[in-house]
Amino acid sequence: MAATGLVALALHLLMALLNGVTGDLLQRVEVPLFAFVGGRVNVSCMYDLRATGLYSLKWYHNDTEFYRYVPTETHRPVDIKPTIKFQAHEISRTETLVTLSITSMTTAASGEYKCEVIAEHPSFRTETRSAFMTVLDEPLSPPMIVGAREVYESEDDIKLRCQPEKFPASGPTPSITWYLQGRPARREYVSPYRDEPYAEPAGATLHVPASQVPRVGGSVEAECLLKLGSFEVRSSRTLRVRVRPSSYLSSYFSAAEMMSRPALSTLLVVGIVVLVRWNI
Ligand SMILES: *[C@@H]1O[C@H](CO)[C@@H](O)[C@H](O)[C@H]1NC(C)=O
Ligand SMILES: *[C@@H]1O[C@H](CO)[C@@H](O)[C@H](O)[C@H]1NC(C)=O
């Protein structure tokens, strides 16, 4: 009798274990890291119920349910609870994916977005996945460019810093990219800028020998792009270097050295315009 009991217990444990490892019902949630007040985002929950049916799929914000899909509820399979923090709408629902649109967000829409999937009778297996979203109360402002001068001499070092106008106390850090003449600047010209030795990079420094600029015709457009997810803002400066005739007449083709992949035709036009000006 005792032996049978043990076998039953072992079997039970084995089943529980197998249940835990036989693939995920709930495969993924997609929630953006951040959003802006008043903005809209999509959140998705991907699930896979090959072996069993779906009993319910629910979305929670900070543990408060705001969406529920129960296929067996014939009258009202989808129920969305209104909240003052945001508005939720279902924008698509398939056998494997539910996507909601979240609009009219307030900062209180920040927090945890959790999807919960429950399988049908008899297992009622339940899985949840969640992700955090921060709702920022101000739109991104264009980055600051610090240290630009009106004109450089060809032996100068051009050193510009680009940084966000304001640093959010918490939440995601925007990425910063420098462009020269519309192309990403060569990697050796760019370095992270830190306020303190161990701080997170607070910006990006562009460091170009001014002697490179005459080759592009004496002036170059430096642009800094700040990117947070799908949001982008930019600022730019035109860098001018006093041209000595001999230094660029010979070699404006080697302007290719400044950019990772230059648009030669643009460089040629810039070069020709400068040549024409010089002749006047
Ligand atoms: C949300 O998804 C819809 C439909 O796929 C799409 O048209 C819309 O651009 C998406 N919105 C955002 C903010 O990604
Ligand atoms: C949800 O939680 C986040 C932090 O976990 C908080 O910032 C936010 O205010 C909360 N929102 C509500 C409505 O409880």
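Student: Let's start with a bond: which handedness does the disulfide of Cys45 and Cys115 have?
Tutor: This is a predicted model, and in it the torsion about the S-S bond of Cys45 and Cys115 is about -80°. The two sulfurs sit 2.0 Å apart. Going by that torsion, the disulfide is left-handed.

Student: How many residues apart in sequence are the parts that Cys45 and Cys115 tie together?
Tutor: Look at where each cysteine sits: Cys45 is in strand β3 (residues 41-47), while Cys115 is in strand β9 (residues 111-119). Both Cys45 and Cys115 are buried. Because the two lie in those strands, the pair links parts whose separation in sequence is 70 residues.

Student: Which cysteine is joined to Cys162?
Tutor: Two disulfides are counted here. In the one with Cys162, the sulfur atoms are 1.8 Å apart, and the link is left-handed, with -75° about the S-S bond. Cys162 lies in strand β13 (residues 157-163) and its partner in strand β18, so parts 62 residues apart in sequence are tied together. That partner is Cys224.

Student: Is Cys224 buried or exposed?
Tutor: Buried means under 20% relative accessible area. Cys224 has a relative accessible area of 0%, and Cys162 is also at 0%. So Cys224 counts as buried.

Student: What is the bridge partner of Thr177 in β18?
Tutor: Strand β14 (residues 175-180) pairs with strand β18 (residues 219-228) in the antiparallel sense, over six bridges. Both strands belong to an open, mixed sheet of five, in the order β12-β19-β18-β14-β15. For Thr177, the partner in β18 is Leu225.

Student: Which are the edge strands of that sheet?
Tutor: Follow the order β12-β19-β18-β14-β15 and look for strands that pair on one side only. Those are β12 (151-152) and β15 (183-184).

Student: Which side chain makes a polar contact with the side chain of Ser130?
Tutor: Ser130 is in strand β10 (residues 126-136) and is partly exposed, at 35% relative accessible area. Beyond its neighbours within four places in sequence, Ser130 touches Val29, Glu112, Tyr113 and Lys114. The polar contact, at 3.0 Å, is with the side chain of Glu112.

Definitions and conventions:
Residues are numbered from 1 along each chain as its sequence is written. Chains are lettered from A and ligands numbered from 1 in the order in which they are written. This is a predicted model: local features need pLDDT of at least 70, side-chain atom pairs count only at pLDDT 80 or more; totals for chains, interfaces and linings use all residues. Side-chain values use heavy atoms; hydrogens and water are left out. Two strands pair if DSSP finds at least two bridges between them. Helices (H or I, at least four residues) and strands (E, at least two) are DSSP runs, numbered from the N terminus. Buried means under 20% relative accessible area, exposed over 50%, partly exposed in between (1.4 Å probe, protein chains only). Contact means heavy atoms within 4.5 Å. A polar contact is a pair of N or O atoms within 3.5 Å; within protein, one must be able to donate a hydrogen and the other to accept it, and residues adjacent in sequence count only if both atoms are side-chain atoms. A disulfide is a pair of cysteine sulfur atoms within 2.5 Å.
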